[in-house]
Amino acid sequence: MLTEKLEKAIIEQIKAEEESSRLYLSMASWCEVNGYAGAAAFLFEHATEERMHALKLLSYVNDRGGHARLMALEEPASEFNSLQEVFEKVLKHELFVTSLINKLVETSMNEKDFNTLNFLQWYVMEQIEEESLARSILDKFKLTEGEKGGLFHIDKELASMAAAEAAAGEGE
Ligand code: OFO
């Protein structure tokens, strides 16, 4: 059984994951109306992944005898100055989520809940992957800086990354 403190902390993390999902959905929508179809596909896919992160936490709370009550969500940003700015914000957001996961790990340690500690390892690893993915996308902007058609190539690459992610997701 989860302690009340830990249940509350995980419910707050569900909110954070839902907000991540909606932020990426909002970014995908911006990309779509600005002609970046590949980036839009990538971010739609990423939004779905974040929703899965929230669902996994929700099931965990309920499986451990708690009740995952949902909280109100913040309105996500919907205007961006450039495609590069979108991905700078993705990285900034993932760094923020990493700090939240670390805090959650700390709370489970303080509560001596080793099951939750074990469960959260998946999120710790996931954050390493997601930060590294966001950094690798930002590197592409640096590499193609000033190059004619640079954004076109990045968008195309994001489209193939989205297709690969979707295919991997189907196999899960
Ligand atoms: Fe990318 O944040 Fe979920 O865990």
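The dialogue below explains how to read several features of this predicted model.

Q: What do the radius of gyration and the box of the C-alpha atoms say about the protein?

A: The radius of gyration is compared with the value for a compact globule of 172 residues, which would be near 16 Å; the protein has 17 Å, which agrees. Along the principal axes, the C-alpha atoms fill a box of roughly 55 × 30 × 25 Å. Of the 172 residues in the protein, 45% are buried.

Q: What share of the contacts joins residues at least 24 apart?

A: For this reading, the contacts considered are those between residues at least 6 apart in sequence. Among these contacts in the protein, 79% join residues at least 24 apart.

Q: How are two packed helices described?

A: Two packed helices are described by the angle between their axes and by the distance between the axes. In this structure, helix α2 (residues 37-63) packs with helix α4 (residues 114-143) at an angle of about 170°, and their axes are 12 Å apart. Angles over 145 degrees count as roughly antiparallel, and α2 and α4 are therefore roughly antiparallel to each other.

Q: Which residues in α2 and α4 meet?

A: The residues in α2 include Phe-42, His-46, His-53 and Tyr-60, and those in α4 include Phe-119, Trp-122, Glu-130 and Ile-137. By class, the contact of α2 with α4 has 8 nonpolar, 4 polar and 5 charged residues.

Q: At what angle do the axes of α1 and α3 cross?

A: The axes of helix α1 (residues 4-33) and helix α3 (residues 83-110) cross at roughly 170° and come within 11 Å. α1 and α3 are therefore roughly antiparallel to each other. The contact of α1 with α3 comprises 16 nonpolar, 5 polar and 4 charged residues.

Q: Which residues touch the most other members of the largest nonpolar core?

A: The largest nonpolar core has 25 residues, of which Met-27, Cys-31, Leu-43 and Phe-87 touch the most other members. Each of α1, α2, α3, α4 and α5 (150-171) supplies at least two residues of this core. The most is given by α1, with 6 residues. A second, separate core has 18 residues, including Tyr-60, Leu-104, Leu-117 and Leu-120.

Q: What does Met-27 touch, not counting residues up to four places away in sequence?

A: With those residues left out, Met-27 touches Leu-43, Phe-80, Val-86, Lys-89 and Val-90.

Q: Is Ser-20 buried or exposed?

A: A residue counts as buried when its relative accessible area is under 20%. Ser-20 has a relative accessible area of 1%, so Ser-20 is buried. The place of Ser-20 is in helix α1. Leaving aside neighbours within four places in sequence, Ser-20 is in contact with Glu-50, His-93 and Val-97. Ser-20 and His-53 are 33 residues apart along the chain, and their C-alpha atoms are separated by 9.7 Å.

Q: Where is Lys-112 found?

A: Lys-112 is found in the loop between α3 and α4. At 62% relative accessibility, Lys-112 counts as exposed, since exposed means over 50%. Although Lys-112 is not a glycine, its phi is positive, at about 55°.

Methods. Residues are numbered from 1 along each chain as its sequence is written. This is a predicted model: local features need pLDDT of at least 70, side-chain atom pairs count only at pLDDT 80 or more; totals for chains, interfaces and linings use all residues. Side-chain values use heavy atoms; hydrogens and water are left out. Axes are lines fitted to C-alpha atoms, for helices over the stretch in contact, and angles run from 0 to 180 degrees between N-to-C directions. Helices (H or I, at least four residues) and strands (E, at least two) are DSSP runs, numbered from the N terminus. Angles under 35 degrees count as roughly parallel, over 145 as roughly antiparallel, 65 to 115 as roughly perpendicular and the rest as oblique. Contact means heavy atoms within 4.5 Å. Ala, Val, Leu, Ile, Met, Phe, Trp, Tyr, Cys and Pro count as nonpolar, Asp, Glu, Lys and Arg as charged, and the others, Gly among them, as polar. A nonpolar core is a set of buried Ala, Val, Leu, Ile, Met, Phe, Trp, Tyr and Cys residues joined through side-chain atoms within 4.5 Å. Buried means under 20% relative accessible area, exposed over 50%, partly exposed in between (1.4 Å probe, protein chains only). The radius of gyration is taken over C-alpha atoms; the globule rule is 2.2 Å times the number of residues to the power 0.38.
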